[in-house]
Amino acid sequence: MAPISVTLAPRDPPAAVVALVGEHDAYSAGRLEGELAVLLDEGRNVVVDLQDTEFIDSTTLASLLAARRGAQQAGLGFTLVLPERSYTQVSKLLELTGLRSAFAIYETLDDALNGARRGFSEGSSVRSAA
């Protein structure tokens, strides 16, 4: 199974970083969905780090969308880290499906943490700290 790492960022308000490494498909989507649900149930803002993700399928994308929707309904932040400079399969999938604007996407982990802590969950472009 592809690695899914969950770490807690110690600053307030609380935030969790879920790093997806390698390839993620229907086989790992259930675990991802479970991890994200627990974090949101705990009232944590969530950052999904896709910097080292080589592949996600539609099942994984659906899990991310469901978690973003859950975060939004709970008033929590949900952001992605996906550097624009490294155009990956994940970037291509978000563009082809038209779902890039469904997520608040940031270039760096620090920027994504700041965005999540401010309650961002959707946006139309890669953002950087201003």
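This is a predicted model: local features need pLDDT of at least 70, side-chain atom pairs count only at pLDDT 80 or more; totals for chains, interfaces and linings use all residues.

Residues are numbered from 1 along each chain as its sequence is written, and side-chain values use heavy atoms, with hydrogens and water left out.

Cores first. A nonpolar core is a set of buried Ala, Val, Leu, Ile, Met, Phe, Trp, Tyr and Cys residues joined through side-chain atoms within 4.5 Å. Buried means under 20% relative accessible area, with a 1.4 Å probe and protein chains only. The largest core has 27 residues. Val18, Leu36, Val46, Val48, Leu64, Phe78 and Phe103 touch the most other members. Among the elements supplying at least two residues each are β2 (15-20), α1 (26-41) and α2 (58-74). The largest share, 5 residues, comes from α2. Helices are DSSP runs of H or I, at least four residues; strands are E, at least two.

A second, separate core has 10 residues, including Ala15, Val47, Ala104 and Leu113.

Now the pair. How do the axes of α1 and α2 cross? At roughly 10°, coming within 8 Å. Axes are lines fitted to C-alpha atoms over the stretch in contact, with angles from 0 to 180 degrees between N-to-C directions. So α1 is roughly parallel to α2, a label for angles under 35 degrees. Contact means heavy atoms within 4.5 Å. Leu32 and Leu36 of α1 take part, among others, as do Leu64 and Ala67 of α2.

Last, α4 (residues 109-117). Its buried residues include Asp111, Leu113 and Arg117. Just after α4, glycine 119 takes a positive phi of about 90°.

Methods. Buried means under 20% relative accessible area, exposed over 50%, partly exposed in between (1.4 Å probe, protein chains only). Angles under 35 degrees count as roughly parallel, over 145 as roughly antiparallel, 65 to 115 as roughly perpendicular and the rest as oblique.
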